[in-house]
Amino acid sequence: MEEVKVLKHHKYNRNETIMGYLFALPWILGFVLLTAFPFGYSIYLAMTNMSTNSLIYEFRGLKNFATILTDPDMWTSIRNTFWYAGMSVPLCLILALLLAMLLHAKVKGTKVYRALFYIPTLVSIVPVSLLFMQIFNGRNGILNTFLAVFGIHGPSWLNDWNWATPALVLMSMWSCGGLVVVFLAALTDVPVSLYEAADLDGASKLRKFFTITLPMISPMIFYNLLTNAIAAFQVFAQPMLMTNGDYNTNYFGYLIFEMAFTTGRLGYASAMGWVMLVIILCVSFVIRLLQKKFVFYND
């Protein structure tokens, strides 16, 4: 009798397992077909000279990576990418933190302001790029028209070697609403008792900001820094739509696209993609090292 119960119990568990796999099957198929297979296939492509111009290709091993290390265009694009990320990431974080602190103040219409700052993050990059192309127009753009009121002759922003990247950096600050929401949540969680104790000690607002606010929200600063840096190193749509990769805006992501779909060198472009992955991992590792020194966890 006990054996029969055990058999029924095992049969019931086996049926549950089968049903579980059936329910998970769409996700499993999606992971295999859309993530695991492209991941493995890109490694294979990176070691071949596959091209859209020829159906015949051969295995090259690590030769593509050796060629990349001696390619001057790649080093130029890496330098330009670091220049863009080095400006856009800190400026976006600072602006987002300032806006979050303003929204955290007790003012009327805070919910409306939160929505207004977050809405730009929901807009597609294509209409945003078209909008900023009009703003940065060198002849009759909105920005140069505004500068002319003060007697300043604005440059041709998107057609200037010195100003194209700063223009794209200014554009990147348009969509800092997501960072604002994260910072705002962190500011809300800061214990009020810490500020009350600081007031009793006669601390100024500036001192409270550096000794209480920044340490308490440092985990969110770290999170926003890491995610924003990763996104900045993969910037692609803006230079493609606005500058066509000219005027020092041939960032690494755009160069990979151009190599794969304009030149047609799929194998070489795949190898460049893996080089980008290594660069992002190195940058993330450096940021993680900074986390140990500057991030405070109250637990």
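Analyst: Let's start with handedness: a crossing is right-handed if the near helix is turned clockwise from the far one by less than a right angle, and left-handed if anticlockwise. Helices here are DSSP runs (H or I, at least four residues) numbered from the N terminus. With those terms, H8 crosses H10 in a right-handed way. The model is a predicted one, where local features need pLDDT of at least 70 and side-chain atom pairs count only at pLDDT 80 or more, while totals for chains, interfaces and linings use all residues. Residues are numbered from 1 along each chain as its sequence is written, and side-chain values use heavy atoms, leaving out hydrogens and water.

User: What makes H8 and H10 roughly antiparallel?

Analyst: Their axes cross at roughly 155° and come within 9 Å. Axes are lines fitted to C-alpha atoms, for helices over the stretch in contact, with angles from 0 to 180 degrees between N-to-C directions. Angles under 35 degrees count as roughly parallel, over 145 as roughly antiparallel, 65 to 115 as roughly perpendicular, and the rest as oblique. So H8 and H10 get the roughly antiparallel label.

User: Which residues meet there, in H8 and H10?

Analyst: On the H8 side they include Leu179, Phe183 and Leu187, and on the H10 side Ile217, Met220 and Asn228 are among them. Contact here means heavy atoms within 4.5 Å.

User: What about rings? How many aromatic pairs are there?

Analyst: There are 15 aromatic pairs. Rings of Phe, Tyr and Trp (its six-membered ring) pair if their centres lie within 6.5 Å; planes under 30 degrees apart are stacked, over 60 edge-to-face, and the rest tilted.

User: Why is the pair of Phe39 and Trp274 called edge-to-face?

Analyst: The ring centres of Phe39 and Trp274 are 5.1 Å apart and the planes sit at 70°, so the pair is edge-to-face. Phe39 is in H1 (residues 2-46) and Trp274 in H13 (residues 266-294), so this pair links parts of the chain 235 residues apart. Phe39 has 48% relative accessibility and counts as partly exposed.

User: And what makes the pair of Phe236 and Phe257 tilted?

Analyst: The planes of Phe236 and Phe257 are at 50°, and the centres are 4.9 Å apart, so the pair is tilted. Phe236 lies in the loop between H10 and H11, and Phe257 in H12, so the pair ties together parts 21 residues apart in sequence. Phe236 is partly exposed at 26%, and Phe257 is partly exposed at 28%.

User: How do you know that the charge of Arg265 sits over the ring of Tyr268?

Analyst: The charged end of Arg265 is 4.3 Å from the ring centre of Tyr268. The rule asks for NZ of Lys or CZ of Arg within 6 Å of the centre and within 35 degrees of the ring normal.

User: What makes the phi of Tyr247 worth a look?

Analyst: Most residues other than glycine have a negative phi. Tyr247 has a positive phi of about 55° although it is not a glycine. Asn248 also has a positive phi, about 65°. Tyr247 sits in the loop between H11 and H12, and Asn248 lies in that loop too. Tyr247 is partly exposed at 23%, and Asn248 is partly exposed at 25%.

Note on methods:
Helix = DSSP H or I, 4+ residues; strand = E, 2+ residues; numbered from the N terminus. Buried < 20%, exposed > 50% of the residue type's maximum accessible area, 1.4 Å probe, protein only.
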